[in-house]
Amino acid sequence: CFTRSGILEATRAAGGTVVLPAQSRYHMVRVPGKLGLWPVLEPFVVATKVINVPCAKHHSLTRVTVGMKNWYGILGGRRVQLHQRIDDSVAELAALMRPTLTVVDATRLLMRNGPTGGSLADVKAGDAIAVSTDPIAADAWAATLLGATPADLPWLRLGQDKKLGVLDWRSLAPVELTTG
């Protein structure tokens, strides 16, 4: 994926390193809540600051996937079993990670058939980006672009209940910049 997408080449050209998931790079970490112990990729265990950069897209189980659902990617093991309690799992992983900053890429939106879609007909221009220190607010904002309300998404409410942020992103007095 890193090669096909061009991420590997672009990262190396910029002087960065892409960390490929290998069994030796995982550490067992207790996830808050009922999830218990999970293998977490080393950079996410040792980092003191984390910037989450999700794309806003449709998901067949959670309806929307943005920053909070993005944390599934740091796990090894049998992640498929997390789908049985997906709303709780998303909120509990978000409680583990607590990003320093969330940057939501909504320049293009996958409107349906996620995460296994692949048709350009499922994508529409969003022409927007959100930057927030509140991961709940960032995801709630993105949900509106995908035709959902924060109230439609139980994992968002669970995250707010865990004091990870606020559902009412408008209460944060967002600043909108436009060009043209």
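Tutor: A charge sits over a ring if NZ of Lys or CZ of Arg is within 6 Å of the ring centre and within 35 degrees of the ring normal. This is a predicted model: local features need pLDDT of at least 70, side-chain atom pairs count only at pLDDT 80 or more, and totals for chains, interfaces and linings use all residues. Residues are numbered from 1 along each chain as its sequence is written, and side-chain values use heavy atoms, without hydrogens or water.

Student: What makes Lys69 lie over the face of Tyr72?

Tutor: Lys69 lies 4.0 Å from the ring centre of Tyr72. The limit is 6 Å, so the distance qualifies. Lys69 is placed over the face of Tyr72.

Student: Why is the pair of Phe44 and Trp71 called edge-to-face?

Tutor: Rings of Phe, Tyr and Trp (its six-membered ring) pair if their centres lie within 6.5 Å; planes under 30 degrees apart count as stacked, over 60 as edge-to-face and the rest as tilted. Phe44 and Trp71 are 6.3 Å apart centre to centre, so they pair. Their planes make 75 degrees, therefore the label is edge-to-face. The count comes to one aromatic pair.

Student: How do you know that the pair links distant parts of the chain?

Tutor: Phe44 is in helix H3, and Trp71 is in the loop between H4 and helix H5 (86-97). They are 27 residues apart. Helices (H or I, at least four residues) and strands (E, at least two) are DSSP runs, numbered from the N terminus.

Student: Why is Trp71 called buried? And what is Phe44 called?

Tutor: Buried means under 20% relative accessible area, exposed over 50%, partly exposed in between (1.4 Å probe, protein chains only). Trp71 has 4%, so Trp71 is buried. Phe44 has 29%, so Phe44 is partly exposed.

Student: What makes a set of grid points a pocket?

Tutor: On a 1 Å grid over the protein atoms alone, a pocket is an open set with protein on both sides within 12 Å along at least five of seven lines; lining residues have an atom within 4 Å of a point. The largest pocket has a volume of about 1,600 Å³, the space filled by probe spheres set on points joined across faces, edges and corners. Its lining has 44 residues; among the closest to the centre are Phe2 and Lys57. Strand E6 (101-110) is one of the contributors. E6 gives the most, with five residues.

Student: Which residues lie nearest the centre of the second largest pocket?

Tutor: They are Ile129, Ala130, Trp141, Pro174 and Val175. E7 gives the most to this lining, with seven residues.

Terms used
1 Å grid on protein atoms, 1.4 Å probe; cavity = no way out; pocket = protein on both sides within 12 Å on 5 of 7 lines; lining within 4 Å.
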